[in-house]
Amino acid sequence: MENFLIQLLNGLVAGMLLFIMAAGLSLIFGQMNVINLSHGAFYLLGGYVGLSAVRQLGSFWLALIVAPLVVGAIGFVIEKFLLRRLYGGQRHLEQVLLTFGLALVASDLIQWNWGAFVESVAPPALLSGQVPLYTIQFPIYRLALIVFGLALALLLWLFLDRTRIGAIVRAGVTNAEMVSGLGINVHLVFAGVFAVGTALAALAGVIGAPITALYPGLDFEILILTIVVVVVGGLGTLKGAFWGALLIGMADTFGKAYIPQFSLFLIFAVMAVVLLLRPSGLFGLEAWSR
Amino acid sequence: MNRKKSLTVTRRDFLKLAGGTTAALAMPAVLSACGAGASGPLRIGVLLPYSDIYAVLGESITDAMRMYFDEVGNEIAGRQIEIITEDTEISPDVGLQKARKLVEQDEVAFVTGVVSSGVLVGLRDYFHETQKLLICSNAGANELSRGLKTPYIWRTSFTNWMAPWSIGAWAAQNVGTRAAISIPDYAAGENNVTGFSNSYEAAGGEVVMVQRTPFPNMGDPAPFMAELADSGADLVYTFYSGGAAVTFVQAYSDFGLAGQIPLLCAGFMVEEDVLPAQGSAALGTFSTLHWSFVLDNAENNAFKTAFRERTGRDADVFAVQGYDTARVIAEMLNEVGGDTSDTNAMIETLAGISFASPRGPFAIDTNSQAPRHNMYLREVQEVEGTLHNAIMENMGEIVDPGNDSLG
């Protein structure tokens, strides 16, 4: 029972980290109908930019702001000059090739600039330390991560559900052409959503760095898990990203804790079952293949 | 949209592409025609990871090899040394493909490198059947000195058995008699379980739990911590490398186990490449390895200084192995007078090679086709403001038994 409760907390930590990633990936898909395979690279890039920010500015909190801004700006530029050329019709293959190519370029550039050494980022002093929990000490940073993830989910929901911009974004998910017909600059909305999506990946990179460390290859590890989350939760919805992330985070954690030999298998088994029962994911848009 | 348009290749494009490819493929053959025999440049194939998680190991080994070759003027036994590097990633398939490329296309005299045990095992049959020489500068899979031994693969690095076997008995006598083991679920992990258990149990210890974690992607190790805390063990023995070495050591400290249950490991886990990222979380970790940064001998001091000057970073055990490998290659080539046409003649010289290495006395054991060298018991301490593995004890020479009798 004690072990179960500890693993429940671990599962929440994993789930919240995945949620921040998946929210970005899902937003971008919902808006532009693009599976962004460079999302993992933006996680890693965010982590490394955060690392440099911590080293230069001496503050984890500033890194938390700087990294998403920098990477979000890069995302904005990528959408404006590259991705924009490949919208519409049956151009999924070209989009996948572009974003996968970007992922490869990014991972080489990262290694070129930051080296191939494993790097880690220390949690801020305010959140270091532990709380005794049965036989172990539970790190305060991880508890804070759970709270932060939940707060971010609420914030994103309020933004999408209650603001004018949120309404435009949601309308864009349903029918971008109609939104454009109403006189709204869809191009700007797309670029904005892509920037916010990549900024979320970078945010996850900084927050995750004290837990996952940073090293070459982490980008694709994270990307695969995030895609599983989005597929399970349903493409294009925040709700799907949230519950998908929780489900996969829990499956991953409990799998590792109780049946480690099958833990990777378990994640994909969960995905398979969900897809069998609900082909468009738990909370997916019914007709997502526009 | 028009899908066809984007995929169309004109006849002219195709001809250009085909012509270019053919020319590129023909070049090495033309070059190699000039380089055959006992004169002309001598081509050495280097198979190492330059991307993915083991990229740092590949870079260390390469830098140190080049450093040695530069020291001897890039010329051995009258022949110019030419290195051709290929990236194996961490994939046995890619490793095999690159080995074929080096041997069949570049026609190298012999091959060196290989970091991952999985890649080494995957290459074994190819080198055995083509009777090409592979001098392995890292991968420690026990099997290559035992059941899968072949005359064509020799090691200048270590076997996976050495570190866990050395620390096992010491742990039972000095730390406690109940041990939990946590290892990645693959061949090298199992080598560590048997090596450690055999010597630990022979010295009166009992292994109470073995935890096998997903490989290669362990992810966040947090879910494994509760089981270790509950195990009732006096110590935890582990073997992780790369990113997992950092996240495991940090989680072990974050979840409060570091102060409770001493952490022991194969020395790679707290080597110089990961120690800065582990930081103070690694303090007090005990390990065994055939080298330490602070090892005080003339060769090591000179090596460390030269490596630092050349690369701007501190040496690690992988650099030492690269340096020793280059030296072994040089001695071998001098023995055969630079004539690489007879692989068996080159192999015969390997058994007699011994010298003073940065790791201490170094010799190649004929039976295991791997080095005999000292093992050092080390503890992570702060040495002059930086974390290093302080040497607690020189445990003396170790040599792989060449069979599974000791684990």
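Biologist: What should I know about numbering and cut-offs?
Modeller: Residues are numbered from 1 along each chain as its sequence is written, while chains are lettered from A and ligands numbered from 1 in the order in which they are written. In this predicted model local features need pLDDT of at least 70 and side-chain atom pairs count only at pLDDT 80 or more, but totals for chains, interfaces and linings use all residues.

Biologist: How many residues does the contact take from chain A and from chain B?
Modeller: Two residues are in contact if their C-beta atoms, placed from the backbone, lie within 7 Å. Here chain A gives 38 residues and chain B gives 34 residues.

Biologist: Which helix of chain A gives the most to the side that touches chain B?
Modeller: Helices (H or I, at least four residues) and strands (E, at least two) are DSSP runs, numbered from the N terminus. On the side of chain A that touches chain B, the elements that each supply at least two residues include helix 1 (2-32), strand 2 (136-139) and helix 8 (186-212). Helix 1 of chain A gives the most, with six residues.

Biologist: Where do the domains of chain B lie?
Modeller: Domain bounds come from an automatic or database domain assignment. For chain B that assignment gives domain 1 (12-158 + 295-369) and domain 2 (162-289 + 374-406). Their centres, taken over C-alpha atoms, are 29 Å apart. The contact takes 23 residues from domain 1 of chain B and 20 residues from domain 2 of chain B.
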